[in-house]
Amino acid sequence: MTAPARYLPPILENLSFPVIGSPLFIISNPKLVIAQCKAGVVGAMPALNARPASQLDEWLAEITEALAAHDKAHPESPAAPFAINQIVHKSNDRLEHDMQVCAKYKVPIVITSLGARDDVNRGVHAWGGVVLHDVINNTFARKAIEKGADGLIPVAAGAGGHAGVKSPFAIVAEIREWFGGPVALSGAISSGGAILAAQAMGADLAYIGSAFIATPEARAVEGYKQMIVESNSDDIVYTNFFRGVYANYLKGSIRNAGMDPDNLPRIDTNKMDFASGEGGGPVKAWKDIWGCGQGIGAIREVLPAGELVARLKREYGEARARICARSIARAHD
C-alpha cells in the first residue's frame, strides 16, 4: 500500500517550531496564549474557559490585538497563529454563540473535541480557518476527516486529561497509512527530544499541555504547578471516576481531596457533562482534581512560557545534532 502524499496548510507549514500548546480547561487564558504565540508555538485555549460567554469576545480581541502589535514591532519574528478549542458535544449549549465570536475574529485554527461536526467544519472553512480534531483511535480519525476536518490530533496513552490507550507508535502509523494531512501528536511530550521523536514516527507537530501548566502565565494554583515539578509518571492515575470518561490525573491532588488514588471505583459513563467539567465523583475535575500527563518527569521548574519554549528549542536542536552525529559515525565505521 502506497502512503499518501504529505501536505500541510500554509498556516502550519510556516511555523518556526513544530509545537501546539494544547488548550487546557480552566488553565489556558489570553496571557498564556499570547506568550506561547510570541515564543513561536501555536497557543490555544478552550472557548469555554471564557465565563461568562460574553468574555470570549473580550479575550479574542485581546489576543488578536496583542499579536498584531507584536508582529508590527518584530516583523523579523512574527508570532505563531493561535487556536480556539470548541467542544462540539451536544452538552455544549454555547457552541453556536462561541462559533459566531470565532467567526468575528476569523480564528486561524479551531480545535474540535468530543464529536466530529461537518457543519462546524464548514463554518470554520468559510472564514478561512483550519480545523484540527482530536481523536483516540483510527476509527474516530477517519470519521473526522470524512466530516471535513483538515487535520488530526491523535491523543495517545500518557496524555494529560482525556487520553486514549493507544501507543503513539501504533496510532500514528495507522493514521499515516491513509492520511497525508497535518498530524499533531499528543501524549507525554515535555522535551525537545520527544518533539523530534514525534516527527520521526510520522507526526508533523507535537501537542504539549502539561509542561505549560507549570508556567507563571497559566491560570493554575501554585500548588498544582509545584506538584507537577515534584512528580513523575509514577504519580499519574488513569481513571473515569471524576467525569465518566477516562483521563490522567495527579495522584497527589486525589489524596489531597481525601481519596485513595489506587482504589477508585469506575463510574457510570452517563454521569458526564462535557461543557461544565462536572460529573462522576464527589469533587470537581478539573478544579480540585488536577489533570496531568505522564511526561512530567522532564519538568523540573516553573518557567515563563517563553523560557520553556526556548528550552524545548534548545533540546530539539541538541537531539537532532546527536542523531546526525551518530549517522555520520556509522557512515565512517
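Is Leu114 buried, exposed or partly exposed? Leu114 is partly exposed, because its relative accessible area is 30%. By the cut-offs, buried means under 20% relative accessible area, exposed means over 50%, and partly exposed lies in between (1.4 Å probe, protein chains only).

A word on the model. It is predicted, so local features need pLDDT of at least 70 and side-chain atom pairs count only at pLDDT 80 or more, while totals for chains, interfaces and linings use all residues. Residues are numbered from 1 along each chain as its sequence is written, and side-chain values use heavy atoms, with hydrogens and water left out.

Back to Leu114. It lies in the loop between strand 4 and helix 5 (118-126). Helices (H or I, at least four residues) and strands (E, at least two) are DSSP runs, numbered from the N terminus. Phi of Leu114 is near 60 degrees, a positive value in a residue other than glycine.

Next, Lys106. This residue sits in the loop between helix 4 (95-105) and strand 4 (109-113). Its phi is also positive, about 50 degrees, although Lys106 is not a glycine. Lys106 counts as exposed, because its relative accessibility is 53%.

Now a peptide bond. Arg51 and Pro52 are joined in cis, with omega about 10 degrees. Pro52 lies in the loop between strand 2 (43-46) and helix 3 (55-73). For context, most residues other than glycine have a negative phi, and most peptide bonds are trans.

Last, Arg311. Its place is in helix 12 (residues 305-331). At 14% relative accessibility, Arg311 counts as buried. Its C-alpha atom is 8.1 Å from that of Ser191, 120 residues apart along the chain.
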